[in-house]
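Trainee: I am new to this structure. Could you show me how to read its features one at a time?

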Amino acid sequence: MSSRRYAELLVARAEDIDREIAVLRRKKEDISAWIGEVQEAVDAPQRRCMLREYPEMRGYIFRSRIENRSQHELAMREMEAVYGNGPHLGRVRRIIAREDILRRDYLTYSGFFIPASSVSRSDSAPVVVPAQTYAVVFAASLHESCAGDWELLLDFIDKNRLEIRGDAFRSIPVEMGISRRADDYKAKIAIPVIHRETAVEMTK
C-alpha cells in the first residue's frame with residue numbers, strides 16, 4: 001500500500017466518523033426533545049386547559065384520512081415504509097383538520113406529523129410549523145373516548161375569546177403500555193389559537 005493510499009483511507013475513515021457523529025447528534029436531539037415532552041405531560045394537571053407558547057416544529061406530514069383503528073394501523077405501516085421506523089414513534093402527532101374540529105368530528109385524523117429528528121430517512125426537506133400559541137389540555141382519555149376533552153378545550157377557547165388558527169395535534173407523551181395506571185396515562189390535545197381581536201386586525 002502506498003503512503004498516498006494510506007492517507008486516503010484515513011481521510012475516508014474520518015469522514016465516516018463525521019457521519020456517525022451527525023447520527024448521534026440527531027439521536028441526542030430526538031431524545032432531548034422527547035424528554036421535554038414527557039416531562040411536560042408528567043407535570044401537567046389532568047383536564048386543565050391552558051395556553052402554551054411552543055417554538056417552531058420541523059418535521060414531515062404524512063397525509064391519510066383515518067376514521068377507524070384499522071385505517072390507523074395501515075397508515076402507520078405506510079408511514080414507517082416512507083420515513084423509517086424511528087426510535088421514538090410515540091412522538092408522532094395525529095393531525096386533526098380545523099374543519100373537522102369545527103364539525104365536532106374529533107375522531108377523524110387527516111394524517112400524522114413526524115418530528116424531523118425522529119425520521120431515519122427522507123428524500124425531501126422537512127416542513128416548518130411556525131412558533132405559535134396553543135390551547136392545550138392533557139387527559140387520560142383514550143382516542144375513542146376523548147370527545148369530552150375536545151369539548152372542554154373548545155369551551156375554554158370560546159370563553160377566552162380565542163379563534164382556532166389551524167389544524168390541531170393529538171399526541172400521546174405517556175403511552176398506556178409504559179404506565180399501567182389509568183391516572184398516569186397522558187394524551188395531549190393542542191389547538192393553535194389567536195385572540196379574536198388580533199384575528200380581526202390581521203384581516204383589515
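Mentor: Begin with the secondary structure: the chain has 5 helices and 9 strands, where helices (H or I, at least four residues) and strands (E, at least two) are DSSP runs numbered from the N terminus. The model is predicted, so local features need pLDDT of at least 70 and side-chain atom pairs count only at pLDDT 80 or more, while totals for chains, interfaces and linings use all residues. Residues are numbered from 1 along each chain as its sequence is written, and side-chain values use heavy atoms, with hydrogens and water left out.

Trainee: Which pattern does the chain follow along the sequence?

Mentor: The pattern is α-β-β-α-β-α-β-β-β-α-β-β-β-α.

Trainee: What percentage of the residues in the chain is buried?

Mentor: A residue is buried under 20% relative accessible area, exposed over 50%, and partly exposed in between (1.4 Å probe, protein chains only). Here buried residues are 41% of the 204 in the chain.

Trainee: How do I read the contacts?

Mentor: A contact means heavy atoms within 4.5 Å. Of the contacts in this chain between residues at least 6 apart in sequence, 76% join residues at least 24 apart.

Trainee: Which strands pair with β9?

Mentor: Two strands pair if DSSP finds at least two bridges between them. Strand β6 (residues 132-139) runs antiparallel to β9, with 6 bridges; within this pair, Ala-139 has Ala-187 of β9 as its bridge partner. Strand β7 (residues 162-164) is also antiparallel to β9, over 3 bridges, and Leu-162 stands opposite His-195 of β9. β8 joins β9 through 4 bridges, again antiparallel, with Phe-169 opposite Ala-190 of β9.

Trainee: Is β9 mostly covered or mostly open?

Mentor: Mostly covered: 9 of the 10 residues of β9 are buried.

Trainee: What about β4, and which strands does β4 pair with?

Mentor: In β4, 7 of 7 residues are buried. β2 runs antiparallel to β4, with 6 bridges between them, and Arg-63 stands opposite Gly-111 of β4. Strand β3 (residues 93-96) pairs with β4 in the antiparallel sense over 3 bridges; there the bridge partner of Arg-93 is Phe-113 of β4.

Trainee: How is a pocket found, and what lines the largest pocket?

Mentor: On a 1 Å grid over the protein atoms alone, a pocket is an open set of points where a 1.4 Å probe fits, with protein on both sides within 12 Å along at least five of seven lines; lining residues have an atom within 4 Å of a point. The largest pocket has 22 lining residues, and Glu-37, Glu-56, Met-57, Arg-91 and Arg-93 lie nearest its centre. Elements that each supply at least two lining residues are α1 (3-43), β2 (57-66), β4 (109-115), β8 (168-174) and β9 (186-195). The largest share, 5 residues, comes from α1.

Trainee: Where is Arg-47, and what is its phi?

Mentor: Arg-47 is in the loop between α1 and β1 (50-54). Its phi is positive, about 55°, although Arg-47 is not a glycine. Arg-47 is partly exposed, with a relative accessible area of 42%.

Trainee: Which loop holds Arg-161?

Mentor: Arg-161 lies in the loop between α4 (147-159) and β7. Arg-161 has a positive phi near 55° and is a residue other than glycine. Its relative accessibility is 44%, which counts as partly exposed.
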